[in-house]
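Here are my notes on this one, as promised.

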Amino acid sequence: MSVDTVTTAARFITLEGGEGVGKSTQVKRLAAQLERRRVPSIRTREPGGTPKAEAIRSFLLQGKPEQWGPGAEAVLFAAARHNHVLELIAPNLAKGTWVICDRFSDSTRAYQGLTGGVEDKLIDALEILALDGHKPDLTLVLDMDPDTALTRVAQRAVEDGTPTGPDRFERESLDWHRRLREAFLVIARNHAERCVVIAADGSEDDLETAIWEAVRHRFPELDAENSA
């Protein structure tokens, strides 16, 4: 007998936070949680998610636009995001597939806006263009002391044998990363209806549990469908 797919309204969930807080791992784990409950989902990342956006990602993380300043970076991120929304995020939501994204527009607001000094007016305009009306239903802000997070980044590079070294943003000073952390917390406070801050300094299993509790609380239909 075939197992039916759960038919809940498609949701758009983003995971945000500074470098090394565990977003990529938890995106995979959240997708697995949904799969176990037969909820159709796709996981993706920013910048990236589509061939064109991945090309911009490579250019950005190598640090090539750094000399142009945060404003130019914000424009490039928006260009990648616009393509990502049109070619991957919007079509999947339209067909009933949940989308789980490692970073989204809040990262531009935190990195280039609140931390990089780009004016709100430009960030707002780019966001309107890039999102095309597709705002997240839930944003999980993973919060960790930057000193601990950057130590994890360095350890991960050793364990993975990463030959390229830290990327454009990982190379920033500890003070910069502390300001970045505060920027994400400001965004979460300003958008409390959408954002949930979750302490990310425990184990991966503990973080997965906390994330799943936040998702279940925001979308109670998940429990309703699975108890039917």
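1. Arg-179 counts as partly exposed, at 40% relative accessibility (buried is under 20% relative accessible area, exposed is over 50%, partly exposed is in between, using a 1.4 Å probe and protein chains only). Its salt-bridge partner is Asp-175, with the closest N and O atoms 3.4 Å apart (a salt bridge here is a side-chain nitrogen of Lys or Arg within 4 Å of a carboxyl oxygen of Asp or Glu). Asp-175 is partly exposed too, at 46%. Both residues sit in helix 7 (residues 174-190), four residues apart, about one turn of the helix. Helices (H or I, at least four residues) and strands (E, at least two) are DSSP runs, numbered from the N terminus.

2. Before going on, a caveat: this is a predicted model, where local features need pLDDT of at least 70 and side-chain atom pairs count only at pLDDT 80 or more, while totals for chains, interfaces and linings use all residues. Residues are numbered from 1 along each chain as its sequence is written, and side-chain values use heavy atoms, with hydrogens and water left out.

3. How many salt bridges does the structure hold? There are 17. One of them pairs Glu-208 with Arg-36, closest N and O atoms 3.8 Å apart. Glu-208 is in helix 8 (residues 204-218) and Arg-36 in helix 1 (residues 23-36), so this pair ties together parts 172 residues apart in sequence. Is each end buried or exposed? Glu-208 is buried at 16% relative accessibility, whereas Arg-36 is exposed at 53%.

4. Asp-223 and Arg-216 also meet in a salt bridge, at 2.9 Å from N to O. Asp-223 is partly exposed at 33%, and so is Arg-216 at 26%. Elsewhere, shared partners link Arg-29, Arg-36, Glu-204, Asp-205 and Glu-208 into one salt-bridge network.

5. Strand 1 (residues 12-16) runs parallel to strand 4 (residues 138-143), and four bridges join them. Thr-14 has Thr-139 in strand 4 as its bridge partner.

Methods. Pairing = 2+ DSSP bridges.
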